[in-house]
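Reader: Can you walk me through this one? I'm new to reading structures.
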Amino acid sequence: MGTINYDFIEEFIRQFIPERDALLLEIERSAKEKGIPIVEPEVGQLIYLLARIKKCKAILEIGTAIGYSTIILAGGLEPGGRLITIEKDKEMADEAEKNFQRLGLSNVILLKGDALEILKNMVSTGNYQFDFIFLDAAKGQYVQFLPLCYRLLNTGGLLVADNVLYKGMVANRDLLKRRKITIVKRLKKYLNQVTSHPNLETSILPIGDGVSISLKV
Ligand SMILES: C[S@@+](CC[C@H](N)C(=O)[O-])C[C@H]1O[C@@H](n2cnc3c(N)ncnc32)[C@H](O)[C@@H]1O
């Protein structure tokens with residue numbers, strides 16, 4: 001078994017994912033070596049496709065790490081669109097910046113700092129609206145990010161959150177590790193909130209580590 005799916009299913013699906021750019025493959029290898037969590041390739045393909053379907057002009061990503069999903073999402077932007085990504089870890093942010101430079105990505109803006117503070121500032125200025133928000137930072141903070149993301153999302157926009165099933169622990173108590181109890185409780189709360197929100201319509205998909213897709217209506 002992978003995180004939540006059978007290995008043979010993941011391997012089978014992955015053979016159909018379009019060939020990735022050499023730098024993306026290098027980042028995948030480097031992330032694996034250094035133990036940096038990045039989206040699974042099939043989740044990368046999903047968010048890329050969602051960005052294309054939404055014809056995104058403005059994407060916000062919360063949790064850059066070394067820029068793997070950022071590069072994928074930026075590839076889904078409409079011409080003239082831009083992507084803002086937020087990372088609080090300086091080393092990760094520096095490496096992401098190098099990767100963006102290597103690809104010559106001029107439509108990506110990396111903000112270094114704590115996403116909660118940055119999102120609060122974005123909301124208070126009233127100058128930011130996005131048609132796609134990808135939430136992939138501290139899992140225990142998703143419930144705090146939610147009202148801010150909601151404010152920053154256009155009507156008709158998508159809020160996509162990664163790791164919402166958290167190695168299956170969110171769905172099955174038998175898998176739950178004691179030290180993960182709080183994160184799992186908070187992820188369940190996030191899923192309850194997005195699924196019961198009067199202006200969000202949500203689907204939860206068991207791919208990668210679990211992905212929720214919420215449409216602002
Ligand atoms: C799972 S990794 C992101 C992976 C990346 N989205 C990808 O797939 O390539 C989560 C990242 O979020 C960052 N992070 C966690 N909490 C954060 C916060 N409150 N503000 C900004 N970054 C945060 C971590 O430092 C980490 O690099």
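Author: We'll go through the ligand, then a strand, then a surface patch. Keep in mind that this is a predicted model.

Reader: OK, ligand. Which residues come nearest to the ligand?
Author: Gly63, Ser69, Glu87, Asp114 and Asp136 come nearest, out of 21 residues around the ligand.

Reader: What lies 2.8 Å from a nitrogen atom of the ligand?
Author: One case is a backbone N or O atom of Ala115. Another is an N or O atom in the side chain of Gln141. Lys88 also has a backbone N or O atom 3.2 Å from a ligand nitrogen.

Reader: And how much of the ligand's accessible area does the protein cover?
Author: The protein covers 92% of it. On its own, the ligand has 610 Å² of accessible area.

Reader: New topic. How many residues of strand 1 are buried?
Author: 5 of its 5 residues, 58-62. Ala58, Leu60 and Ile62 are buried on one side. Ile59 and Glu61 are buried on the other.

Reader: Why two sides?
Author: Side chains in a regular strand alternate between the two faces of the sheet.

Reader: Now the surface. Which residues form the nonpolar patch?
Author: Tyr6, Phe8, Ile9, Phe12, Ile13 and Phe16. Together they have about 650 Å² of accessible area.

Reader: Where is Ile13 found, and why does it count as partly exposed?
Author: Ile13 is in helix 1, residues 7-14. Its relative accessibility is 37%, so it counts as partly exposed. That class runs between under 20% for buried and over 50% for exposed.

Key. Residues are numbered from 1 along each chain as its sequence is written. This is a predicted model: local features need pLDDT of at least 70, side-chain atom pairs count only at pLDDT 80 or more; totals for chains, interfaces and linings use all residues. Side-chain values use heavy atoms; hydrogens and water are left out. Patches are made of residues with over 30% relative accessible area and no salt bridge: like charges are joined within 9 Å, nonpolar side chains (Val, Leu, Ile, Met, Phe, Trp, Tyr) within 5 Å. Accessible areas come from the Shrake-Rupley method with a 1.4 Å probe; for residues, only the protein chains shown count as cover. A salt bridge is a side-chain nitrogen of Lys or Arg within 4 Å of a carboxyl oxygen of Asp or Glu. Helices (H or I, at least four residues) and strands (E, at least two) are DSSP runs, numbered from the N terminus. Buried means under 20% relative accessible area, exposed over 50%, partly exposed in between (1.4 Å probe, protein chains only). A residue is near a molecule or strand if one of its heavy atoms lies within 4 Å of it. A polar contact is a pair of N or O atoms within 3.5 Å; within protein, one must be able to donate a hydrogen and the other to accept it, and residues adjacent in sequence count only if both atoms are side-chain atoms.
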